[in-house]
Amino acid sequence: MKAIYEKHKYSAAVRAGDLLFVSGQVGSREDGSPEPEFEVQVQRAFDHLAATLADAGAGFEDIVDVTTFHTDPENQFATVLKVKDRIFAAQPYPNWTAVGVNWLAGFDFEIKVVARIPE
């Protein structure tokens, strides 16, 4: 993911008090290019999200707000839910907003979150 941040000049996450605002995470390969297989792309986006959260001392259980972006929601959502359900397997679930878009810089899925950083 570092290649994408350097190319587009933005931060993976910004801390504000006890909150962590995580930029949209995509399913990129190590060189920053999109993973072509959709389910793997979604899994990679969640993997990048996990690493970004861990860097701040947080985890999936600390997420309070999720926004996902989908280039073809009707055809992609079942796959996204399959991956999501492995990660958010138990309550309490974070709140979630899914948005259909027509462009994600070559990607088909993106996830951004707000998490509470544990003390």
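Student: How many aromatic pairs does the count come to?

Tutor: The model is a predicted one, and the count comes to four aromatic pairs.

Student: What makes Phe46 and Phe60 a tilted pair?

Tutor: Their ring centres are 6.4 Å apart, and the limit for a pair is 6.5 Å. The planes form an angle of 55°. Stacked requires under 30 degrees and edge-to-face over 60, so an angle of 55° counts as tilted.

Student: Which parts of the chain does this pair link?

Tutor: Phe46 belongs to helix α2 (residues 38-55), while Phe60 is in the loop between α2 and β3 (63-70). The two residues are 14 residues apart, and the pair links distant parts of the chain.

Student: How do you know whether Phe46 and Phe109 are stacked or tilted?

Tutor: The centres of Phe46 and Phe109 lie 6.1 Å apart, with 25° between the planes. Planes under 30 degrees apart count as stacked, and therefore this pair is stacked. Phe46 lies in helix α2 and Phe109 in strand β5 (residues 109-116), so the pair ties together parts that are 63 residues apart in sequence. Phe109 has 0% relative accessibility and therefore counts as buried.

Student: Which residues form the aromatic cluster?

Tutor: One aromatic cluster is formed by Phe46, Phe60, Phe88, Trp96 and Phe109.

Student: What lies over the face of Trp96?

Tutor: Lys84 lies over that face, at 5.7 Å from the ring centre of Trp96. Lys84 also lies over the face of Tyr93, at 6.0 Å from the ring centre.

Student: Which residues make the contact between α2 and α3?

Tutor: On α2 they are Phe38, Glu39, Val42, Gln43 and Phe46. The residues of α3 include Gln76, Val80, Lys84 and Ile87.

Technical notes: Residues numbered from 1 in each chain as written. Predicted model: local features only at pLDDT ≥ 70, side-chain atom pairs only at ≥ 80, totals over all residues. Heavy atoms only, no water. Phe/Tyr/Trp six-rings, centres within 6.5 Å; stacked < 30°, edge-to-face > 60°. Helix = DSSP H or I, 4+ residues; strand = E, 2+ residues; numbered from the N terminus. Buried < 20%, exposed > 50% of the residue type's maximum accessible area, 1.4 Å probe, protein only. Lys NZ or Arg CZ within 6 Å of the ring centre and 35° of its normal. Contact = heavy atoms within 4.5 Å.
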